[in-house]
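Grab a pencil and work through these exercises with the model open beside you. Try each task before you read its solution.

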Amino acid sequence: MKNWEGDDTDDYCPASEDLAEARAVSDHLDIPFQSVNFAELYWQRVFAYFLDEYRAGRTPNPDILCNKEIKFKAFLDYAKQQSADYIATGHYVRRHQDADHTTLLKGLDPGKDQSYFLYALNQSQISQSLFPIGDLEKSEVRRLAKQIGLKNHARKDSTGICFIGERKFKNFLNDYLPAKPGAIQTLDGDLIGQHDGLMFYTIGQRQGLQIGGQKGRVESAWYVAGKDLNANRLIVVQGNDHPALFCNSLTANQIHWINEEPAFPIQLKAKTRYRQSDQACTLTPRPEGRIEVTFDQPQRAITPGQAIVFYQEDICLGGGIIE
């Protein structure tokens, strides 16, 4: 499945290498190989949204939309056209099927669970999908792949933008959106530097601010605490545990439930970013389909545009976009 055409070179995530490895696996297993191109759909359904969010000063997660619109929609539709009963993917998740519901469960490897990225799927998509490695740890998957002779058993994990690959993010984003430099200021309004464009920064970010060694100030790391889009200002604070980096609640929109909507208010667990441990919280409905999420403990660096995903034990219930 090829989903990106722009600047597809050997420096990033070359489709030719992916194609060769997928074909080699198919040949080794003696199964048919097909390829399909969804680059136009990816641009329309995923990348355009990605750019709109950055343009609005938010930090989107394109992998979630890619799963919803491409892997488990465009690709699933294509597979059904080829008379397939299911698609199978390498996501570290599990599913439970009973007479009435298909339930999405966390993968058994806690360090690789990817349910966070699949919360936007619906019953139909999950019920037609198989997740054969969700019951395994990554080390076991690599061991089995090596055991049966797959040459890609030691391939490096992918960490880049979904289907676009690993690259210098600032340069990549600058190719599509005009940067608008502006002031870096403290909470008190003191000017201490210049930013390259608000779209290049996210809440809680430390690296790349280039404002160390401020005269008359205690030497301590600076972190992004907020963005003022109207004034094009980047707001920063000192210290990893500065109170301005924490909050007790958030509002989420674009709420999606994999199964039925729960009765509110309800106490659940939630993640506001992929690698985060589950956090206890209470959900309360708000006008226009929004939800207010109040956490038992203050949360650091909650970021507008990112997803919040809700859990009940190992069950992924759904989620929304942090407003």
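**Exercise 1.** How many residues does the largest nonpolar core have, and which of them have the most contacts inside it?

*Solution.* First, some ground rules: this is a predicted model, where local features need pLDDT of at least 70, side-chain atom pairs count only at pLDDT 80 or more, and totals for chains, interfaces and linings use all residues. Residues are numbered from 1 along each chain as its sequence is written, and side-chain values use heavy atoms, leaving out hydrogens and water.

Step 1: know the term. A nonpolar core is a set of buried Ala, Val, Leu, Ile, Met, Phe, Trp, Tyr and Cys residues joined through side-chain atoms within 4.5 Å. Buried means under 20% relative accessible area, exposed over 50%, and partly exposed in between (1.4 Å probe, protein chains only).

Step 2: count. The largest core has 31 residues, and Leu 173, Leu 209, Leu 234 and Val 236 have the most contacts inside it.

Step 3: trace the suppliers. At least two residues each come from α2, α3 (62-81), α6 (169-174), β7 (222-228) and β8 (233-238). Helices (H or I, at least four residues) and strands (E, at least two) are DSSP runs, numbered from the N terminus. The largest share, six residues, is from α2.

**Exercise 2.** Find out how Tyr 116 and Tyr 274 are arranged as an aromatic pair.

*Solution.* Step 1: rings of Phe, Tyr and Trp (its six-membered ring) pair if their centres lie within 6.5 Å; planes under 30 degrees apart count as stacked, over 60 as edge-to-face and the rest as tilted. The structure holds 19 such pairs.

Step 1: apply this. With 6.4 Å centre to centre and 40° between the planes, Tyr 116 and Tyr 274 are tilted.

Step 2: Tyr 116 is buried at 0% relative accessibility, while Tyr 274 is partly exposed at 22%.

**Exercise 3.** Work out why the pair of Trp 257 and Phe 310 counts as stacked.

*Solution.* Step 1: the ring centres are 5.6 Å apart and the planes are at 25°, so this pair is stacked.

Step 1: Trp 257 lies in strand β9 (residues 246-257) and Phe 310 in strand β13 (residues 307-312), so the pair ties together parts 53 residues apart in sequence.

Step 2: both Trp 257 and Phe 310 are buried.
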